[in-house]
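Q: Please take a close look at one part of this model, the interface between its two chains. What holds across that interface in the way of polar contacts, salt bridges and buried area?

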Amino acid sequence: MSASSWQGVDIEIKLLVEAIYLRYSYDFRNYSLASLKRRVLLAQRQLECASISEIQHRVLYDPEVFMELLQYLTIPVSEMFRDPVYYLALREKVMPVLRTYPSLKIWVAGCSTGEEVYSIAILLHEEGLLDRSIIYATDINPHSLKQAQRGIFSLDNVPQYTRNYQLAGGRQSFADYYTAAYESVILDKSLKERVTFADHSLATDSVFSETHFISCRNVLIYFNKDLQNRTFGLFHESLCHRGFLGLGSKETIEFSSYASYFEYFSKEERVFRKL
Amino acid sequence: MTTFFPDRPIPQVDAVVIGASAGGLQALTVLVEGLSSRFRLPLLVVQHIPPHGSSCLVSVFQNKTKLRVKEVDEKELVSPGTLYFAAPDYHLLVEEDYCLSLSQCEAVNFSRPSIDVLFESAVDAWGERLVGILLTGASEDGAAGLEKVHWAGGLTIVQEPTEAQVATMPRAALQRFTPDFILPLREIHRLLCELECRNA
Ligand SMILES: C[S@@+](CC[C@H](N)C(=O)[O-])C[C@H]1O[C@@H](n2cnc3c(N)ncnc32)[C@H](O)[C@@H]1O
């Protein structure tokens, strides 16, 4: 394959993304191109399309195909207590400060299938803060949101989640939080009583509430700098004075245009605090 | 001094991508040890590493070379004279504007970071102005990516399999296509120096 035929693919991807925006208002125009391209090419193989332009055609005229494509573009992978040190830092350093507020609003942005939301709910529960919290869990993928709302996960993942939970300083037995049923585990309903699941795009929507803590992990790595800046702008607007922002283990606000509005609170674990 | 390019001009390149798996630490040491601080080409390395915990690659190599050594930061611009390592558990990709991005998409060839993912995106960014080097390993990762470097007109180098600690990875590449060079590590090091002189 020559370099010039690749430019053709890049053009097709740009057109596809534009078509999606015009037709469905999902905005992938400012996502990092290199990984977007891998996802589109993967979808092309799985959807058995001869070209990206064929995907575009099918997506434009068939919302179901768009939903299918969305599953590739959004990368719905998650894990409970992923990077246990992050959750340990939340427990040991952030919760003691959050405790001083009479009521709490927490936003999990890009919550995917809910693993991160439930992990945070468990932390809040163990710190005695869940009852006075409202958690907003948002994402752009309706399938993921529906799954998150159900709170049912594969039994295969439970050993890993249990290990993570313990490394994150879990105070009980992880088994206290679920009932096993066949190949699945159903998480305790009380964990989602304080959670509102909602469709919200960091690329196109605006702030909907003031919050004390925002957790947004492994979402920003898929955005280009402009969209990262937009997102940090939303977070800055939503967070109360001295509010907390938790990011993924390789993400930082340090090189963005909002760097000077935040300080590191727990550097290794990527927890920032609004100045 | 003999040249690796006796009957053609030394290619002009902007970056070097390197893939290594089992046995890679020693192999990489031979490659980068003794590269002078004037070496300007950026070197981007995927060395297969276990997903959890922090990687010690940076601290190991800081003492072995005069180049700047670092683990890739998300969205940083590739800068010259730097030896970059991919972070554990994330794919490393090069964007069209030479920023580096990370991804947690599923493993490729059972690997994250995957050599193919780096090589394929590097080709998209640099086209023919790229050197791809595939070293020792018990994996087939990197073979397809290096082939792509080859077809895009980049310079491809495979470690001499008989010298490799584990020959699977070099052999997998050789089964797909014939690279520009099949060389032992010392020679690859010399070739890098020669490229550098041309591009200086
Ligand atoms: C890799 S998952 C991360 C899941 C979870 N936060 C974690 O770290 O385990 C990325 C999520 O970001 C969501 N996402 C992508 N673009 C988004 C946008 N513009 N606004 C909100 N969420 C988005 C995707 O739908 C996907 O669920």
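A: Between chain A and chain B, 14 residue pairs are in polar contact, both residues at pLDDT 80 or more. A polar contact is a pair of N or O atoms within 3.5 Å; within protein, one must be able to donate a hydrogen and the other to accept it, and residues adjacent in sequence count only if both atoms are side-chain atoms. The model is predicted, so local features need pLDDT of at least 70 and side-chain atom pairs pLDDT 80 or more, while totals for chains, interfaces and linings use all residues. Side-chain values use heavy atoms, without hydrogens and water, residues are numbered from 1 along each chain as written, and chains are lettered from A in the order written.

On the side of chain A that touches chain B, the elements giving two or more residues are α1 (3-24), α2 (33-46) and α9 (225-238); helices here are DSSP runs of H or I, at least four residues. α2(A) gives the most, with 7 residues. That side of chain A divides into 12 nonpolar, 7 polar (Gly counted here) and 7 charged residues (Asp, Glu, Lys and Arg).

The rule finds 5 salt bridges across the interface, each a side-chain nitrogen of Lys or Arg within 4 Å of a carboxyl oxygen of Asp or Glu. One of them joins A:Lys37 to B:Asp124 at 2.9 Å, N to O.

The contact (heavy atoms within 4.5 Å) takes 26 residues from chain A and 26 residues from chain B. The buried area, the accessible area (1.4 Å probe) lost on putting the two parts together and summed over both, is about 2,100 Å², with 49% from carbon and sulfur atoms. A:Arg38, A:Ile221 and A:Lys250 supply 29% of what chain A buries against chain B, more than any other three residues.
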